[in-house]
Amino acid sequence: MSYDLHAPYPAGRPRRLRRTDFLRRLVREHDLTVDDLIWPLFVIDGEKRREPVPSMPGVERFTIDELLHTVEEAVNLGIPVVSLFPNTPDEKRSADAAEAFNPDNLVCRAVRAIRQRFGDAIGVMTDVALDPYTSHGQDGLLGRNGEILNDETIAALVRQALNQAEAGCDILGPSDMMDGRVGAIRAALEEAGLQQVHIMAYTAKYASAFYGPFRDAVGSGARLTGDKRTYQMDPANAREALREAAMDIAEGADSIMVKPGMPYLDIVRLLKEHFTCPVFAYQVSGEYAMLKAACANGWLDEHKVVMESLLAFKRAGADGILTYYAADVARWLRGEQRADG
Ligand code: PBG
């Protein structure tokens, strides 16, 4: 970068690039479009019900029939992908997470219903991790001494991933952070003839306190014993994310993800600079709750602050963003496009 080649003031006046809207548009380096969005949705059992998530105002959990209305909205708005998270009924949670392998579990039924109704008009992503199915709320299987077993968990994740892929999901999102799971899932998909399924690895997933509202939404928070620091990354580490990414890519991931988003945009930039595959970022539940709370108080302008925060993800290098604001953003973008003519 040759900053020194620029004319010094007064010949150099950076404000000349900002004087009018047409100039600002002309020199704009990044933009946010509907094509950047993945919309996470929560699914519950039953019929004709929507339940609000108290710590995420504006977010609801849907029974499958209601979910279809919401997915239709996503299709109409042009959102490319929805990501499904089931809130499993209590009686179906167990130490071995067996419900994760049930071909008729909630998430598989939801995937099939979306596929059947909308075909390829929208992509469906599912989460690969055991926490919606375990009685203890951990993403992996618990050993005798309370440790999270790695290789035993991988075997379970492979069954879960195949189950979701057979139901018709387009993108698998392993969010569990076990070592070696991407390779094992990729090999199993190949063997099963499911080689078209995309793996978006939650590569740099940090042991973050920003997931609190999500755990309420899927009902794993209250039952969670201990924390996830033996598998999710230490928020103090950046270089370690490079190693996680190199491993996931070598094991067959198609794209990688950083999570949470806004407090970790340095990691998005780092991975973007080192790897050529698409890099995604997740604006997680706690980030959503923070923005919502401040906006509800009238302390921040919701439209402006959400657009600015997501544009910052793009500027950091994100190719796409998982956000609970996806539908709002898609609507705002349409409004803006109309206003600009
Ligand atoms: C669980 C999972 C979590 C999120 C996505 N998948 C929570 C966790 O790891 O405890 C967080 C999403 C959010 O906070 O919005 N495997």
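Let me start at Val 329. Leaving aside residues up to four places away in sequence, Val 329 touches Leu 32, Leu 37, Val 306, Met 307 and Leu 310. Keep in mind that this is a predicted model.

Val 329 belongs to the largest nonpolar core, which has 113 residues. Along with Leu 84, Ile 114 and Leu 271, Val 329 is among those with the most contacts inside that core. As background, nonpolar side chains in soluble globular proteins tend to be buried together.

Leu 271 takes us to helix H8, residues 265-274. Which residues of H8 are buried? They are Leu 265, Ile 267, Val 268 and Leu 271. Looking down the axis of H8, these buried residues fall within an arc of 155°, so they line one face of the helix. The general point is that an α-helix has 3.6 residues a turn, so residues three or four places apart point the same way.

Searching the whole structure turns up three cavities of 30 Å³ or more. The largest cavity holds about 120 Å³ of space. Its lining has 14 residues, and Asp 127, Asp 131, Lys 205, Phe 214 and Lys 259 are the ones nearest the centre. Two or more lining residues come from each of strand E4 (81-86), strand E9 and helix H6 (212-218). By class, the lining of the largest cavity divides into six nonpolar, two polar and six charged residues.

The second largest cavity has about 60 Å³ of space. Its lining includes Met 177, Met 178, Asp 179, Gly 180 and Arg 181, and also Glu 244, Met 247, Asp 248 and Glu 251. Which element gives the largest share of this lining? That is H7, with three residues. The classes here are three nonpolar, one polar and five charged.

Last, a pocket. The second largest pocket contains about 250 Å³ of space. There are 18 lining residues, with Trp 39, Gly 58, Val 59, Tyr 324 and Ala 327 nearest the centre of the pocket. Strand E1 (37-43), strand E3 (60-62), helix H2 (64-77) and helix H11 (326-340) each supply at least two residues of this lining. The lining of the second largest pocket has 11 nonpolar, two polar and five charged residues.

That is where I will stop.

Definitions and conventions. Residues numbered from 1 in each chain as written. Predicted model: local features only at pLDDT ≥ 70, side-chain atom pairs only at ≥ 80, totals over all residues. Heavy atoms only, no water. Buried < 20%, exposed > 50% of the residue type's maximum accessible area, 1.4 Å probe, protein only. Helix = DSSP H or I, 4+ residues; strand = E, 2+ residues; numbered from the N terminus. Arc of directions from axis to C-beta. 1 Å grid on protein atoms, 1.4 Å probe; cavity = no way out; pocket = protein on both sides within 12 Å on 5 of 7 lines; lining within 4 Å. Points joined across faces, edges and corners; volume = space filled by probe spheres on them. Nonpolar A, V, L, I, M, F, W, Y, C, P; charged D, E, K, R; others polar. Core = buried A, V, L, I, M, F, W, Y, C linked by side-chain atoms within 4.5 Å. Contact = heavy atoms within 4.5 Å.
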